[in-house]
Amino acid sequence: MTSALIAITNQKGGVGKTTTSVNLGAALAGLGEPVLVLDLDPQSNATSGLGINHEEVAVSIYDVLLKDTPVEDAIEPTAVRNLYLLPSTRHLVDANIELVPMMAREQRLRNCLREVDGQYSYVLIDCPPSLGLLTVNALTAARYVMIPMQCEQYALDGLVELSRTIEMVRSALNPSLELLGVLLTMMDGRTRLSREVSQQVKDHFGDRVFRSYIPRRVRLAEAASYGEPIDVFDHMNRGAIAYRRLAEELRDRLKAKGALSQ
């Protein structure tokens, strides 16, 4: 079995990349499969969102990428059964510069993750809000891309640039890279704006938009501040229910593609 490597990316900040990485990871783990969340963002929010203080992390993804530290030395268990974390620290902010002179710099992450391929059913890569070398590394390593898109004005802004980067990586570095789906986040069906943006995204992406969507819920932010996935923090919250539905839909999509054992 090979792991389903999914890069969760959008160069816009505040669209729900980290929220999705943490909470989708926990929901998938709840289905009984081992899941690895890889925090590739120097802000380290996925790390803190899973209850680990990034300032106390001894070995991180920075050491794996830049110092050839074995990836298994950096992976930590979380408080959620079946859910593991490859943490980030502030040192990762220097990686875009330090990677530049390295040989095969765009393929560093892919080469590192070969060590653990097959040990996890899913590897979710939380990308930084940029299209720099870290994101290119994620797209080169991944088999699939998930794009969280908030239901707010200008949601489609930057999509052309992101699509261009994905195509560049596909043509030059990773021909098997595939868009798994677009996830609507911060949805409020009571507002006309959310409904209009939702329709725009569906018009643009068609059936590549996940049927599941993530509602705007304060409890999602509160859960992150306590270092817990929403499924642990408030199991019956609509945000928790939404991520459990998304996990099932994502699993079914991957099974339909033959990417998971039936």
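## Salt bridges in a predicted model

The side chains of arginine 216 and glutamate 152 form a salt bridge, with 2.3 Å from N to O. This pair connects distant parts of the chain, since its members stand 64 residues apart. Arginine 216 is in the loop between helix 8 (192-205) and helix 9 (218-225), while glutamate 152 is in the loop between strand 6 (144-150) and helix 7 (159-172). The model described here is predicted, and it holds 15 salt bridges.

A second salt bridge joins the side chains of glutamate 167 and arginine 170, at 2.0 Å from N to O. Both residues belong to helix 7, where they are three residues apart, about one turn of the helix.

A further salt bridge brings together the side chains of glutamate 178 and lysine 257, at 2.4 Å from N to O. Glutamate 178 lies in strand 7 (residues 178-185) and lysine 257 in the segment after helix 11 (238-256); the pair therefore ties together parts that are 79 residues apart in sequence.

The table gives the relative accessibility of the residues discussed.

| Residue | Relative accessibility and class |
|---|---|
| Arginine 216 | 42%, partly exposed |
| Glutamate 152 | 27%, partly exposed |
| Glutamate 167 | 44%, partly exposed |
| Arginine 170 | 22%, partly exposed |
| Glutamate 178 | 23%, partly exposed |
| Lysine 257 | 40%, partly exposed |

The class follows from a cut-off: arginine 170, at 22%, counts as partly exposed because buried means under 20% relative accessible area.

How values were computed:
Residues numbered from 1 in each chain as written. Predicted model: local features only at pLDDT ≥ 70, side-chain atom pairs only at ≥ 80, totals over all residues. Heavy atoms only, no water. Salt bridge = Lys/Arg side-chain N within 4 Å of Asp/Glu carboxyl O. Helix = DSSP H or I, 4+ residues; strand = E, 2+ residues; numbered from the N terminus. Buried < 20%, exposed > 50% of the residue type's maximum accessible area, 1.4 Å probe, protein only.
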